[in-house]
Amino acid sequence: MGDPTMPLTPLTEDARASAREKAVLARAHRQEIKRALSDRELSVRQVLDMVDSDPALAKMPVGQMLRALPGIGAVRAERIIEELHIAPTRRLGGLGVHQRRKMVEYFNRNSRYLNRARRRTNTLPPESSQS
């Protein structure tokens with residue numbers, strides 16, 4: 001094992017530029033996944049199934065994925081994480097098999113969260129009936 005007090009080797013400009021480009025692509029990919037969740041093009045199950053083969057997605061925080069879902073904001077995402085006994089700082093790649101299963105089951109049972117946003121956009125304000 002190396003000396004923990006040993007300084008890191010500085011990156012060359014080419015290595016730094018390459019790492020920066022890779023980070024930009026990873027953030028764009030995660031943003032696209034969040035948009036697809038928001039637009040209901042992907043389900044929670046589909047995203048969790050992709051995590052093992054997608055290193056950029058594996059680094060997305062669980063709370064960030066939940067907040068991308070229609071009808072779920074910061075408070076509700078926090079409650080879901082707490083109810084499922086997931087650490088608040090956990091990333092998708094760090095979820096175990098049982099945690100993933102519990103999350104999928106949670107959204108199968110509580111589909112009202114996913115339907116709430118649809119109802120809001122399809123509902124017109126009631127008309128006042130004045131005669």
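Biologist: Which exposed residues sit on the face of α6 turned away from its buried side?
Modeller: That face carries V97, H98, N108 and R109, exposed. Bear in mind that this is a predicted model.

Biologist: And which α6 residues are buried?
Modeller: Buried in α6 are Q99, R100, M103, V104, Y106 and F107. Their arc around the axis is only 155°, so they are on the same side of α6.

Biologist: What span should α6 have, and how far apart are its end C-alpha atoms?
Modeller: Helix α6 covers residues 97-109, which is 13 residues.

Biologist: Stepping back. How many helices and strands does the chain have?
Modeller: Seven helices, zero strands. The pattern along the sequence reads α-α-α-α-α-α-α.

Biologist: What pLDDT does the chain average?
Modeller: The average is 85, and 81% of the residues score at least 70. Residues 116-129 are another matter: pLDDT there is below 50. Beyond near neighbours in sequence, that stretch makes five contacts in the model.

Biologist: Take L66. What is it in contact with, leaving aside neighbours within four places in sequence?
Modeller: L66 is in contact with I72, A77, I80, I81, M103 and F107. M103 and F107 are among the buried residues of α6.

Biologist: Then α5. Which residues are buried there?
Modeller: A77, I80 and I81 are. Viewed down the axis of α5, they fall within an arc of 100°, so they line one face of the helix. V75, E78, R79 and E82 are exposed on the other side.

Biologist: What do the buried residues of α5 pack against?
Modeller: They pack against α4 and α6.

Biologist: What comes just after α5?
Modeller: H85, with a positive phi of about 55°. H85 is not a glycine. Its place is the loop between α5 and α6.

Biologist: Why point that out?
Modeller: Because most residues other than glycine have a negative phi.

Biologist: Is H85 buried or exposed?
Modeller: H85 is exposed, because its relative accessible area is 63% and the cut-off is over 50%.

Biologist: Which residue takes a positive phi just after α1?
Modeller: R40 does, at about 65°. R40 is not a glycine either. It lies in the loop between α1 and α2. With 34% relative accessibility, R40 counts as partly exposed.

Biologist: Now α1 itself. How many residues, and what span should they have?
Modeller: Helix α1 has 26 residues, 13-38, and should span 38 Å at 1.5 Å a residue. Its end C-alpha atoms are 37 Å apart, which agrees.

Biologist: Which residues of α1 are buried?
Modeller: A26, R30, I33, K34, A36 and L37. The buried residues of α1 pack against α2 (44-50), α3 (55-58) and α4 (62-68).

Biologist: Moving on to D49. Where does it lie?
Modeller: D49 lies in helix α2. D49 is exposed, with a relative accessible area of 56%.

Biologist: How far apart are D49 and R100?
Modeller: In sequence they are 51 residues apart. In space the C-alpha to C-alpha distance is 9.1 Å. Note that R100 is one of the buried residues of α6, whereas D49 is exposed.

Biologist: What share of the contacts comes from residues 24 or more positions apart?
Modeller: They account for 64% of the contacts with a separation of 6 or more.

Terms used. Residues are numbered from 1 along each chain as its sequence is written. This is a predicted model: local features need pLDDT of at least 70, side-chain atom pairs count only at pLDDT 80 or more; totals for chains, interfaces and linings use all residues. Side-chain values use heavy atoms; hydrogens and water are left out. Helices (H or I, at least four residues) and strands (E, at least two) are DSSP runs, numbered from the N terminus. The expected span of a helix is 1.5 Å times one less than its number of residues. Buried means under 20% relative accessible area, exposed over 50%, partly exposed in between (1.4 Å probe, protein chains only). The arc is that of the directions from the helix axis to the C-beta atoms. Contact means heavy atoms within 4.5 Å. pLDDT is the predictor's confidence in each residue, from 0 to 100.
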